[in-house]
Amino acid sequence: MRRGISGGQKKRVTTGEMLVGPAKTLFMAEISTGLDSSTTFQIVKCLQQIVHLTESTILMSLLQPAPETFDLFDDIILLSEGQIVYQGPRENVLEFFESCGFICPERKGIADFLQEVTSKKDQQQYWADKRKPYRYIPVSEFNERFKCFHVGEKLKRELSIPYDKSESHNAALVFEKYLVPKMELLKASWDKELLLMKRNAFIYIFKSIQIVFVAFIATTLYLRTTMHHRNEQDGVIYVGALLNSLLINMFNGFADLSLIIMRLPVIYKQRDLMFHPPWAFTLPAFLLRIPISIVESIMWCGILYFGVDLAPDAGRFFKHLLLVFLIQNVAAGLFRLIAGVCKTMNISNTGGAVVLLLIFLLGGFILPKTRIPNWWEWAYWISPLSYGFKAFAINEFLDPRWTSKRSSDNSTNMGYAVLNNLDIPTKESHYWIGAAALLGFMFLFNILFTIALMYLEAPGKPQAIISKEEAAAMEEPISHPRGTSDAKKGMVLQFTPYAMSFDNINYFVDMPHEMREHGVTEKILQLLSNVTGAFRPGVLTALMGVSGAGKTTLMDVLAGRKTGGYIEGDIRISGFPKKQETFARISGYCEQTDIHSPTITVQESLIYSAFLRLPKQISKEDKTIFVREVMELVELDNIKDAIVGLPGVSGLSTEQRKRLTIGVELVANPSIIFMDEPTSGLDARAAAIVMRAVRNTVDTGRTVVCTIHQPSIDIFESFDELLLLKRGGKVIYAGPLGRHSQNVIDHFEEVAGVPKIPEKYNPATWMLEVSSAATEIRLGIDFADHYSASP
């Protein structure tokens, strides 16, 4: 991943991008993923004020909202298995489920309760009347009961009355797609493209250096001291030199393929949200490339034309330069069109290769036109290379130094003879026909690229995979209580427990160029500052802090995954200095981004990981059994035959992909496991499943460390110890949580001015709020110094 802002900061940028627009109705999907609970609360609080002050409408889906965040909402829509279980005021939701026989425990967040009470596996624990036998209530029955509940009846009455359109404001409807004038849209897009070109200046500089380097190589192959004009054979050698100008400049546009594909998700998003029409992107991208293409064309011709000794005439030099410029822009347009139609790198490489193959084979220089079969002649006329090749050849061989000499058979001049051998016309006007055709192709490809962006849909959205067994079981009544079969499953292979300690860890990176431009004088930026702690076997440690505090950075440093920057400090494994070569064999790392092979199944992913990473002494049968048990542990056995797919496009959903990431590491049977935000992107029940698997892993004696964002009370208190960081990578707490997180609460409450934790408040959220930078400024205290001075 490229350096930049953290995942939580990116999520806030996405939210802010929508808020600065004129929209009064906002649909927000999982905006809290990757954010700590304190930041989520602040954002939702701001959105609540926007709704109430501007009379906007916001529909928001959240995963694992903290109780204080949940309390900010006015209405709740509870969905389960595609049906509405409850829709109405937040204050009445517990009343509804109490009428159905279920009650929310004291130290349980309401949002977590709502997501679990409709689940077959988790429903029984909330059964209120223990004197009566528990009966599983399916979602369809909840749906029917809600219709009879007073909130459901009120909703039905409101919907039965047609809306009075006379109450609408005359200016409520917008009749234009884009409220900004077209020239303003174009200017904004122009400025953005220019800024991106400056930021990606390295790519364009590298391309220019590359074209100069290749031009020197081509010149040495056809050095003017070895070039002659005696006969047709010498002319053929000149044709080879001309083909360098044609083909190398054609391939010079290949870089546009990957650059456009990388930007397509943003382009589709901005198109669908009516930021700007596609032409506002394609037009600046086309026009801003022209100056770069002119510079590259001059560098190419300045080296090759005179180095090879092409036609010594100023007019013919500039005509050659014009063709090189046109070929470069035709190539850029063609590769953009391929990227816009194919959308992904894999399809572009295959589909684009076929298009290029046809253009090259039927360009008239591999096979002369008369040798191309009649049924392929149409492809010759639509190949831009055929026009470019003819124009290059005519420009060179109609020069007087070729036409003033007779051919070997004395029937015509030498220039005509060379052109006739290549089936190329001998009239000067055909040069301008070829140049005009290239100009037409340049505009045609860019127009088609614009049309592709206008009408083609973005790649498909992800869908959750559900097994046939699960689908069939959804409507089956449950007849047995929740079992405890998940305890310590899957950990049957022997391993050696290891502890990890680290002392005064500091991590520095070079100061980013953008920060130096804004007046920062330091040469290095410190991300971790004197971090000390230990991770022990059988102890589940949470690594927490606000977004950008350095949680992932610390984990990467300890796991040996940082290849850049400067690391100071001492890291030991069970008392011995850490050796990365052997440490990698006993450790596992679950990344925040779930990276898997998209074309294989869940079971194949796990088997591949196990067979590559488990010792050869373990038999094939034991490895297969171990994989099966790990699948059961992380509850992937029901979807073991599902194709993984591409994230954000197809295949597994976010939470299924997250569980697969954990499973891929577990099948390696590691002693120390690092997990970077294993619950981000999961709802409360999915997060509970993951944490249950993590807890089972810890109970076998392994050392497990997790970075975690906005955990619920249940998830937070499933950890044994906590390492809490503040911005700047400084430790403000390290030690056991205590029963009901009492140790952490006592540590912060002893600071003068820190308010007591409210009743039923989430300790994870509270500790982030009371240790924020704003609190430090208000109290005049540094919590890192307070922790260092504490016993």
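## Aromatic pairs

This predicted model holds 34 aromatic pairs. One of them joins Tyr 305 and Phe 306: the ring centres lie 5.6 Å apart and the planes meet at 75 degrees, so the pair is edge-to-face. The cut-off for that label is over 60 degrees. Tyr 305 is buried, at 2% relative accessibility. Phe 306 is partly exposed, at 46%.

Ring pairs also build a cluster. Its members are Tyr 86, Phe 96, Phe 97, Phe 102, Phe 113, Tyr 126, Trp 127, Tyr 134, Phe 142, Phe 146 and Phe 149.

## Charges over rings

Lys 578 places its charged end over the ring of Phe 583, 4.9 Å from the ring centre.

Strand β12 spans residues 703–707 and is mostly covered, with five of its five residues buried. In a regular strand, side chains alternate between the two faces of the sheet. On one side of β12 are Thr 703, Val 705 and Thr 707; on the other are Val 704 and Cys 706. Both faces are covered.

Two strands pair with β12. Strand β7 (residues 540–545) runs parallel to β12 over four bridges, and Leu 543 stands opposite Thr 707. Strand β11 (residues 672–676) is also parallel to β12, joined by five bridges. Here Ile 673 stands opposite Val 704.

Key. Residues are numbered from 1 along each chain as its sequence is written. This is a predicted model: local features need pLDDT of at least 70, side-chain atom pairs count only at pLDDT 80 or more; totals for chains, interfaces and linings use all residues. Side-chain values use heavy atoms; hydrogens and water are left out. Rings of Phe, Tyr and Trp (its six-membered ring) pair if their centres lie within 6.5 Å; planes under 30 degrees apart count as stacked, over 60 as edge-to-face and the rest as tilted. Buried means under 20% relative accessible area, exposed over 50%, partly exposed in between (1.4 Å probe, protein chains only). A charge sits over a ring if NZ of Lys or CZ of Arg is within 6 Å of the ring centre and within 35 degrees of the ring normal. Two strands pair if DSSP finds at least two bridges between them.
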